[in-house]
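Trainee: I have a model open and want to learn how to read it. Can we go through it step by step?

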Amino acid sequence: MTAAETSATGTDRGTVISIDAMGGDRGPAAVVAGMAESAARNSDIRYIVHGDRGLLEPLIAKRRQLAGICDIRHTDQSVSMDEKPSHVMRHGKGTSMWGAIDSVRDGEATVAVSCGNTGALMAVSMLRLRKVAGVNRPAIAILWPSANTQGFNVMLDVGADVRADPSDLLQYALMGVSYARNGLGLKHPRIGILNVGTEEHKGRAELKEAFDLVQCAADTNGYEFIGFVEGSDIPSDKIDIIVTDGFTGNVALKTAEGTARFVRRLLGQAFRYSPLSRIGALFALTSLKRLRERIDPRRVNGGVFLGLNGTVVKSHGDADATGVSAAIRLAFQLAQSGFTEKLAARVASGLQEREDAVTSTAEEPITE
């Protein structure tokens with residue numbers, strides 16, 4: 001490592017973000033382009049870039065925005081998109097993904113960003129960073145375009161773990177509150193638990209138990225509990241945080257992505273249907289561009305792994321430069337807010353509150 005590279009990682013020169021440059025479908029070119037976009041907008045960013053030096057050096061050299069702010073950590077090994085997480089946990093040491101997480105673990109960087117294999121990234125992150133004390137199951141949180149004034153709602157879990165018991169859902173709620181405050185600037189967020197209906201008597205028994213837990217923790221943790229919400233409420237202005245298990249959350253996310261692609265294809269076909277419809281498309285061009293920007297998934301690219309001793313942002317595997325830049329922007333914002341420490345404090349507070357409630361209940365005298 002050169003002296004210039006060493007100084008580039010110093011915290012006195014900015015916020016250091018660890019990048020897995022070899023993950024994703026588009027390869028290192030898209031990742032480096034996204035890094036350059038972010039650096040052009042933010043002079044406080046520094047990078048530790050993990051990947052093949054022979055591929056990365058020419059790409060970085062072409063981007064003047066990246067001059068002097070990149071520390072390349074060479075490895076010719078990477079994690080493919082179809083590798084099993086269990087295999088990566090056993091044999092992934094030395095890959096660009098492993099190195100990106102270790103830079104956070106070792107305190108060299110504040111946040112890691114990867115476009116790679118989601119399951120493998122979560123497995124390596126759990127192995128190397130470990131779970132925050134009191135967290136049973138980490139969660140993946142995403143920003144969902146919504147009618148709210150902030151433009152997005154937080155939804156978790158969307159795939160870290162297909163299971164979640166009532167205490168897990170309470171922890172998701174507490175972690176979601178921390179994310180909403182530090183990621184969206186919401187002082188008093190509103191929380192809803194995703195269910196098949198809004199009535200309290202509906203849903204599985206564990207959801208009803210989670211309802212009581214999340215409701216009881218609302219006042220002391222500074223959020224408003226809305227109650228049960230339905231799938232149609234996810235993009236609404238009724239709530240700010242949607243809590244659910246990873247199975248349901250992932251199905252909802254993939255359904256929304258598929259529906260958005262389908263509608264986009266239908267719109268394109270409709271505007272190409274006839275010469276008159278093509279003329280109509282020209283008149284509607286400005287509105288269509290505004291709509292496209294409003295629902296562009298690249299603008300909210302980045303799922304955050306919550307509940308670990310370190311912050312990891314998972315970019316979409318097919319992200320282009322704009323998508324990678326959005327993930328880096330989110331990573332920078334969370335790093336600046338001291339997100340990891342605040343989330344750990346939030347979970348610890350909720351855990352202590354539950355223990356106090358149990359102790360208080362056990363000590364209550366029995367009355368006739």
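Trainee: Which residues in α7 meet α8?

Mentor: First, this is a predicted model, where local features need pLDDT of at least 70, side-chain atom pairs count only at pLDDT 80 or more, and totals for chains, interfaces and linings use all residues. Residues are numbered from 1 along each chain as its sequence is written, and side-chain values use heavy atoms, with hydrogens and water left out. Contact means heavy atoms within 4.5 Å. On the α8 side, the partners are E206, L207, E209, A210, L213 and V214; on the α7 side, they are P166, S167, L169, L170 and A173.

Trainee: Is α7 parallel or oblique to α8?

Mentor: Helices here are DSSP runs (H or I, at least four residues), numbered from the N terminus. Axes are lines fitted to C-alpha atoms over the stretch in contact, and angles run from 0 to 180 degrees between N-to-C directions. The axes of α7 (residues 166-183) and α8 (residues 205-216) lie 8 Å apart, at an angle of about 45°. Angles under 35 degrees count as roughly parallel, over 145 as roughly antiparallel, 65 to 115 as roughly perpendicular and the rest as oblique, so α7 to α8 is oblique.

Trainee: How many residues of α5 are buried?

Mentor: Buried means under 20% relative accessible area, exposed over 50%, partly exposed in between (1.4 Å probe, protein chains only). Among the buried residues of α5 are M97, W98 and I101. Of the ten residues in α5 (residues 96-105), the buried ones number nine.

Trainee: Is C216 buried or exposed?

Mentor: C115 has a relative accessible area of 4%, so C115 is buried. C216 has 62% relative accessibility, so C216 is exposed.

Key:
Helix = DSSP H or I, 4+ residues; strand = E, 2+ residues; numbered from the N terminus.
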